[in-house]
Amino acid sequence: MNIPVSLIDPNPYQTREDYDNEIISGIAASALGRHGILQAPMLRPNNGRFETVFGHGRVRAAKAAGLKEIDCRVEEVTDAEMRRYMGQENVLRSDLSESERMAWLEQVRKDEGIELGETGFYAKMSDATGVSESNIKLAYYVKETRKRLHFVNADESKISVRLIDKTRGLESKDQDRLIVKALDKAWSSDAAFKVKTAVKDLDPEVRLKVLDKETDLTWKTIEALAKIDSPGNQLEAIDFILTRRLDEKTALQVIDDIINDVHPIYEVQVTDEYKQTYQKFQKTYKTVNAWGYNHYQIVKDHWDQIDPILTGIEQKIQEFRRYHRG
């Protein structure tokens, strides 16, 4: 039917807040062309006027093009069917904002009297909207995650749906820490996913340490750390890397050596051994000085102790040089 554009009202369930002016201009130019708008908008009668079921952008473009009438498909449509059509056309569009999608879903939920968390919630919402259960679950999951992150002062404008989806599977607090850390380190969603996979089975103490915003480890280093065999060794490796401020390449080499038992020495162990060795050397050397050179045998006995101590110190120095830059 040819319908005067002045009689066409917007879809009352339309949650879309704005349309790209270039898109509207492009459709308007098409409407003024030889063939006009090829796909007719769908309307329903409403007390002598008409409401747009779908094709709101085309109706706006027709008005922008100066058309007085527009070819439309007119059908008797219930409110539920109208919401479904609008959902199928609009909610699944990639250019629809997340807030617009969520506003539409919440509008449908309230109109249908569906309570959050009730039995069969996602199936009922899917029936009411025509949107798949998986997409509805993701939409509400994103909403709840953003609500939690609001309390840790995360920049919500940078928290993409993809990042939230990629970090699913962790406990809420751990997911929040990972998202905040990913934003702080400018990790991609895929990098965050790899970290999530690496840390989800870690000991809670290690996971907390790794996901701490102040723990300056790259995502590749965290991924490698998860392959070390025990929580104690993982924590010692983290402390070693952070204390020495190792770059990623060196850190990965250290972790690889630990995993392959090539040189399983950690900073704490080496430092303690070095201190003990040096203290023993000082004590023995003082004893030698106290007795003096006239007591040859005593000096010789103590020197026999000093010699391997000095050798041990040299070995420790070599071990330090392996992992300590400069």
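Student: Let's start with a side chain: is lysine 185 buried, exposed or partly exposed?
Tutor: Keep in mind that this is a predicted model. Buried would need a relative accessible area under 20%, and exposed would need one over 50%. Lysine 185 has a relative accessible area of 25%, so lysine 185 is partly exposed.

Student: What is the N to O distance in the salt bridge of glutamate 75 and arginine 73?
Tutor: Both partners are partly exposed: glutamate 75 has a relative accessible area of 27%, and arginine 73 is at 42%. Their side chains meet in a salt bridge, with an N to O distance of 2.6 Å.

Student: Are arginine 109 and glutamate 106 buried or exposed?
Tutor: These two form a salt bridge, with the closest N and O atoms 2.8 Å apart. They sit three residues apart in helix H4 (residues 98-112), so about one helical turn separates them. Arginine 109 has a relative accessible area of 10% and glutamate 106 is at 12%. With the cut-off for buried at under 20%, arginine 109 is buried, and glutamate 106 also counts as buried.

Student: Where is asparagine 47, and what is its phi?
Tutor: Find the loop between strand S3 (42-46) and strand S4 (49-54), and there is asparagine 47. Asparagine 47 counts as exposed, at 78% relative accessibility. Most residues other than glycine have a negative phi. Asparagine 47 has a positive phi, near 55°.

Student: What is the phi of alanine 186?
Tutor: Alanine 186 lies in the loop between helix H8 (172-185) and helix H9 (189-199). At 65% relative accessibility, alanine 186 counts as exposed. Alanine 186 is not a glycine, but its phi is positive, at about 60°.

Student: Are H8 and helix H10 (residues 204-211) roughly parallel or roughly antiparallel?
Tutor: Their axes come within 9 Å and cross at roughly 25°. Angles under 35 degrees count as roughly parallel, so H8 is roughly parallel to H10.

Student: Which residues make the contact of H8 with H10?
Tutor: The crossing of H8 and H10 is left-handed. Asp174, Arg177, Leu178 and Lys181 come from H8. By class, the contact has four nonpolar, no polar and four charged residues. On the H10 side, the residues are Arg207, Leu208, Val210 and Leu211.

Student: At what angle do the axes of H10 and helix H12 (residues 231-244) cross?
Tutor: The axes come within 9 Å of each other, and the crossing is left-handed. H10 and H12 are roughly parallel, because the angle is under 35 degrees. They cross at roughly 20°.

Student: Which residues of H12 meet H10?
Tutor: From H10, the residues are Glu205, Val206, Lys209 and Val210. The contact of H10 with H12 has six nonpolar, one polar and three charged residues. The H12 residues are Pro231, Gln234, Leu235, Ile238, Asp239 and Leu242.

Terms used:
Residues numbered from 1 in each chain as written. Predicted model: local features only at pLDDT ≥ 70, side-chain atom pairs only at ≥ 80, totals over all residues. Heavy atoms only, no water. Helix = DSSP H or I, 4+ residues; strand = E, 2+ residues; numbered from the N terminus. Buried < 20%, exposed > 50% of the residue type's maximum accessible area, 1.4 Å probe, protein only. Salt bridge = Lys/Arg side-chain N within 4 Å of Asp/Glu carboxyl O. Axes fitted to C-alpha atoms, helices over the stretch in contact; angles between N-to-C directions. Parallel < 35°, antiparallel > 145°, perpendicular 65-115°, else oblique. Left-handed = near helix turned anticlockwise from the far one by under 90°. Contact = heavy atoms within 4.5 Å. Nonpolar A, V, L, I, M, F, W, Y, C, P; charged D, E, K, R; others polar.
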